[in-house]
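Open the model in your viewer and keep the selection tool at hand. We will go from stop to stop.

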Amino acid sequence: QVQVVESGGGLVQPGGSLRLSCAASGSIFRIYNMAWYRQAPGKHREVAATITVGGNPIYADSMKGRVTISRDNAKNTVYLQMNSLKPEDTGIYYCYANIQVNGDSAARAYWGQGTQVTVSS
């Protein structure tokens with residue numbers, strides 16, 4: 001019923017930039033919080049940035065000053081602009097969306113399949 005699909009990952013040199021996109025589609029009534037998580041090799045998945053339905057961003061300490069999360073509610077899309085990338089930013093980046101489906105009384109979590117970000121020279 002609902003799909004969440006990320007795009008924009010790839011290989012970038014240290015100090016470079018990437019912009020990730022995530023679009024939700026399907027029988028959507030409303031999207032609440034959206035977020036980007038990342039999972040570095042051999043580590044647990046952790047939140048990188050969250051954005052509320054009203055557009056208020058919350059950043060992990062490790063990402064502050066280097067990333068900007070934004071959303072386009074008309075397109076059911078969330079973005080993550082990442083600058084000054086470091087090798088330790090390498091990992092799989094997952095999109096999260098709290099979505100209420102048409103006909104349902106409550107929202108639930110939906111995840112994308114992940115997009116690989118590799119920061120290396």
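Select R38 and E46. Their side chains meet in a salt bridge, 3.2 Å from N to O. This is a predicted model. Colour the two by accessibility. R38 counts as buried because its relative accessibility is 9%, under the 20% cut-off. E46 is partly exposed, at 39%.

R38 sits in strand β4, while D89 sits in the loop between β8 and β9, 51 residues apart. Both R38 and D89 are buried.

Next, select R66. What does its side chain meet in a salt bridge? The partner is D89, at 2.7 Å from N to O. R66 lies in the loop between β6 and β7, so this pair ties together parts 23 residues apart in sequence. R66 is buried as well as D89. Show R38, E46, R66 and D89 together: they are linked in a network of salt bridges. The whole structure has 4 salt bridges.

Stay in the loop between β8 and β9 and pick T90. T90 counts as buried, at 17% relative accessibility. Its side chain reaches the backbone oxygen of P87 at 2.9 Å. The T90 side chain also reaches the backbone nitrogen of V119 at 2.9 Å.

Last stop: the largest nonpolar core, with 30 residues. Select V4, W36, V78, L80, M82, Y93 and I99, the residues with the most contacts inside it. Strand β9 gives the most to this core, 5 residues. Finish on V4, which touches I99, C22 and W111, among others.

Methods
Residues are numbered from 1 along each chain as its sequence is written. This is a predicted model: local features need pLDDT of at least 70, side-chain atom pairs count only at pLDDT 80 or more; totals for chains, interfaces and linings use all residues. Side-chain values use heavy atoms; hydrogens and water are left out. A nonpolar core is a set of buried Ala, Val, Leu, Ile, Met, Phe, Trp, Tyr and Cys residues joined through side-chain atoms within 4.5 Å. Buried means under 20% relative accessible area, exposed over 50%, partly exposed in between (1.4 Å probe, protein chains only). Helices (H or I, at least four residues) and strands (E, at least two) are DSSP runs, numbered from the N terminus. Contact means heavy atoms within 4.5 Å. A polar contact is a pair of N or O atoms within 3.5 Å; within protein, one must be able to donate a hydrogen and the other to accept it, and residues adjacent in sequence count only if both atoms are side-chain atoms. Lists of a residue's contacts leave out its neighbours within four places in sequence.
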